[in-house]
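Student: Hi! Could we go through this one together? I have a few quick questions.
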Amino acid sequence: QLQLVESGGGVVQPGGSLRLSCAASGFTLDDYTVGWFRQSPGKEREGVSAIVMKDGGAYVHSSLKGRFTISKDNAKNTVYLEMNSLKPEDTGDYYCARSPYYYCSGNSRDYDYWGQGTQVTVSS
């Protein structure tokens, strides 16, 4: 059974950090690009970051550079999103997804399989 499972979300104070994980089972991520997206209440889903599993080419949304970092562990079939200096506007549901294309994309239409999401709340 194909699965993408996100974990690591939670409640954190502004300025805090979280590390999200996206673990795949039932298939290998090696042949895909993995993206992170988020959706805040009342807003459209937006691309956050992506990484090509074969060569490590990565993308982080320009507004998040310096705070968010994406990484991968092919052996563990897992992708991580390190989020630092979190702000209240980072609050939302975070999803990982796989794309069959070997390039980083922030367009959700390029992704064909999605996890169920993990919730991140940044609040004092």
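Tutor: Happy to! A term first: a polar contact is a pair of N or O atoms within 3.5 Å, where one must be able to donate a hydrogen and the other to accept it. Keep in mind that this is a predicted model.

Student: Good. Which side chain does Asp90 join in a polar contact?
Tutor: The side chain of Arg67, at 2.7 Å. A polar atom of the Asp90 side chain also lies 2.8 Å from the backbone nitrogen of Lys87.

Student: And where does Asp90 sit?
Tutor: In the loop between E8 and strand E9, which covers 92–99.

Student: Is Asp90 buried or exposed?
Tutor: Asp90 has a relative accessible area of 0%, so this residue counts as buried, the cut-off being under 20%.

Student: What is Asp90 in contact with, leaving aside neighbours within four places in sequence?
Tutor: Arg38, Leu64, Arg67, Phe68, Ser85, Val120 and Val122.

Student: Switching topic: what is the order of the strands in the open sheet?
Tutor: The order is E1-E3-E8-E7, four strands with antiparallel pairing. At the edges are E1 (3–7) and E7 (68–73), each pairing on one side only. From one strand to the next, the twist averages 15°.

Student: How many bridges do E3 and E8 pair over?
Tutor: Six, in the antiparallel sense, with E3 spanning residues 18–25 and E8 residues 78–83.

Student: Which residue in E8 is the bridge partner of Leu18?
Tutor: That's Met83.

Conventions. Residues numbered from 1 in each chain as written. Predicted model: local features only at pLDDT ≥ 70, side-chain atom pairs only at ≥ 80, totals over all residues. Heavy atoms only, no water. Pairing = 2+ DSSP bridges. Helix = DSSP H or I, 4+ residues; strand = E, 2+ residues; numbered from the N terminus. Axes fitted to C-alpha atoms, helices over the stretch in contact; angles between N-to-C directions. Buried < 20%, exposed > 50% of the residue type's maximum accessible area, 1.4 Å probe, protein only. Contact = heavy atoms within 4.5 Å.
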